[in-house]
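Have a go at each task before reading its solution.

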Amino acid sequence: MTPLEILVAALTGQAAPRIPVFCNFLDYGPGELNMTPKEYFSRGEYMAEGQLKLLKRYGHDNAWCMSYVGIEAEILGCQEILFPKKGAPNVKDFVIKSWDDIERLTIPEDISQHPHWQTTADCLSILSQEIGTTNPICAYASSSNTLPILLMGMEKWMELVLMGPKDLREELMRKCSDFCQQQVKAFRKAGAHIILYATSFGTPYFISKKMIAEWAVPWMKNDLQGDAGGIVYYCGGAPMNEVVDTVMKEVGIGAYYISPLDDLTEAKKIINSNGLTCAAIDDIKMVHWTVEQTRAEVKRLIEIGKTGGHFLFGSSLMPLELPEENIVAMIEAAFEYGRQ
Amino acid sequence: MFEQYVKDYNEAIIETDKEAAIAVVEEAISNGVTPEEVVFKIVMPAVEDMMQLVIDNLDTNLAQHFMTAQIAAEITEKMLAQFSAPPEIIGKAVIGSSFGDLHSLGKRIVMGCLKSMMVDVIDLGVNITAVDFVDAAVEHDAQVIAVSSMMMHTATGEEGSLQIRELLHERGLEKKIKLIVGGSPFRYDKELYTSVGADNWAPDGISAAKIICQLIHEVKAS
């Protein structure tokens, strides 16, 4: 079976020789091509080449057509991204500097025609041609409750959510939901198999479960317009166990990227065979682990999740500080212990 | 009656209801409660209660931390202007986001709590170099440097806390100035703070304020 078929088997509960093994090599592409992040992310061809080289080097299952999260803000008018020498770029110029800017914010009629979308589109196009029939291609989309963080910063967004005028907050959510709908549609059309749906306010670590159910969830439904195919629920690494049941019932999302801070046994029990449990290893701790510790943790996670299928093993955000031998050990162990 | 104000204020904080919290304080003041009592017997205990909930790992969220700090800071600032005598400041801290890091929410929570706990806190902003952290701590005679980092490369990078530690060492300031770090990467690896040269760390803004107060006391006692 191809990695893509193995993923489909995990999603549908069919038999497969092993579980899917995902790695999120988002920051590793520039190093692979001996480029700075700024140079690397300037062209979709570079991004695709980086992902293909990483796929060849490590042999994991998936590739990413993502540049950096700030690209969403650039499509909406952000003028400056802070590119570090290494590591993830972040938004330096906020599009929304005052609440008046919310009214002025315009969502392009077709984001796939926007110049800033082009690098992602080019990357996705190359990946689709090269590996689209064999390997899962992943994309990233900010939900309506997460995109405002890139547009105005977490501090100001939190202020608006909790203390600001509700009509203004909802106006921004409507615009961001419109953007999210377009982005999800564009990714699907261009051949992405998996869309990591980032929902920072979809975790009880951020806001109360009541507020998630009454405010965030209805907007999630609007973001996805009744089609949760290929969507993976992701809370930026924050815990989600307490809301999985609600999101599953209300929004219909079938795959959950469980936080290393969550209890995986509990997650698997909640999701059961109704969806895909994706276990993320704590790769920040892994920076200081030995090879033996890395293998032991992979084994522990897979032993919890593998029984009954509907399970995927994956990394978290893979910091560049990870020792090479730990990355190799993690992937080898995942293939070894993930045999079915 | 006073106990009722305390209870109502705490409920408003848990519900992240700023208007209700301010209404409680206004009613208390109009019924003869002094500004000093508002700060020391209502606001500060509410911050400490939230700290305890976090320490006990009970069900609190970032929104509650944010509102606890925000409301505490706003009310404390208003009340301080009405104090009969200036309050005793327990110490000073400089705070900022590490070099290359533009995230600011965490430090705002820490600052709000510290203000209500009578710590003079100087906000250096975001994307702060190690030299600027140390220079500012010296200039303001601060006992603590607090560094917020939300990304792994800003938490562990050579131009962040590691360099602050080096500068403190080179300038012979290690006994006078303590270094605390916080932010997302430290929540995943509870020992990470040692590898970046920090004296301590905190998993959230509320706990950070408590640890900063402890560090201030340590420096003053030495």
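Which helices of chain B do the buried residues of α2(B) pack against? Keep in mind throughout that you are looking at a predicted model.

**Exercise 1. Describe how helix α2(B) is placed among its neighbours, starting from the question above.**

Solution. 
- Step 1: begin with the helix itself. α2(B) is built from 13 residues, and from its first C-alpha to its last it reaches 18 Å, close to the 18 Å expected at 1.5 Å a residue.
- Step 2: pick out the buried positions, which are B:A21, B:V24, B:V25 and B:A28.
- Step 3: look down the axis. The buried residues of α2(B) fall within an arc of 95°, so they line one face of the helix.
- Step 4: turn to the other side of α2(B), where B:E19 and B:S30 are exposed.
- Step 5: answer the opening question. The buried residues of α2(B) pack against α1, α3 and α4 of chain B.
- Step 6: Just past α2(B), B:G32 takes a positive phi of about 100°.

**Exercise 2. Work out how strand β3(B) is covered and which strands it pairs with.**

Solution. 
- Step 1: take burial. In β3(B), residues 144-148, five of the five residues are buried.
- Step 2: separate the two faces. B:V144, B:A146 and B:S148 lie on one side, B:I145 and B:V147 on the other, and both faces are covered.
- Step 3: find one partner strand. β1(B), residues 91-98, pairs with β3(B) in the parallel sense over five bridges; within this pairing, B:S97 has B:S148 as its bridge partner.
- Step 4: find another. β4(B), residues 178-182, runs parallel to β3(B) and is joined to it by five bridges. Here B:A146 stands opposite B:I180.

**Exercise 3. Characterise the contact between the two domains of chain B, and say which helix gives the largest share on the domain 1 side.**

Solution. 
- Step 1: The domain assignment gives domain 1 as 2-80 and domain 2 as 91-221.
- Step 2: note the separation, with the C-alpha centres of the two domains 25 Å apart.
- Step 3: count the residues involved. Domain 1 of chain B contributes 17 residues to the contact and domain 2 contributes 13 residues.
- Step 4: assign the domain 1 side to elements. α3 (35-55) and α4 of chain B each give two or more residues, and the largest share, nine residues, comes from α4(B).
- Step 5: sort the domain 1 side by type, which gives twelve nonpolar, four polar and one charged.

**Exercise 4. Now do likewise for the chain B side of its contact with chain A.**

Solution. 
- Step 1: count. In this contact, 21 residues of chain B meet 26 residues of chain A.
- Step 2: list the elements of chain B that give two or more residues: α4 (62-80), α5 (105-116), α7 (152-156) and α9 (184-188).
- Step 3: find the largest share on the chain B side, which is four residues from α4(B).
- Step 4: sort the chain B side by type, for eleven nonpolar, seven polar and three charged residues.

**Exercise 5. Show which way helix α14(A) faces, and what covers its buried residues.**

Solution. 
- Step 1: list the buried residues of α14(A): A:T294, A:E297, A:V298, A:L301, A:I302 and A:G305.
- Step 2: view α14(A) down its axis. These residues fall within an arc of 125°, so they line one face of the helix.
- Step 3: look at the face turned away, which carries the exposed residues A:E292 and A:E303.
- Step 4: identify the cover, which includes α13 (264-271), β9 (276-280), β10 (311-314) and α15 (324-337) of chain A.

Notes:
Residues are numbered from 1 along each chain as its sequence is written. Chains are lettered from A and ligands numbered from 1 in the order in which they are written. This is a predicted model: local features need pLDDT of at least 70, side-chain atom pairs count only at pLDDT 80 or more; totals for chains, interfaces and linings use all residues. Two residues are in contact if their C-beta atoms, placed from the backbone, lie within 7 Å. Ala, Val, Leu, Ile, Met, Phe, Trp, Tyr, Cys and Pro count as nonpolar, Asp, Glu, Lys and Arg as charged, and the others, Gly among them, as polar. Domain bounds come from an automatic or database domain assignment. A residue is buried if 20 or more other C-beta atoms lie within 10 Å of its own, exposed if 12 or fewer, and partly exposed in between; C-beta atoms are placed from the backbone. The arc is that of the directions from the helix axis to the C-beta atoms. Two strands pair if DSSP finds at least two bridges between them. The expected span of a helix is 1.5 Å times one less than its number of residues.
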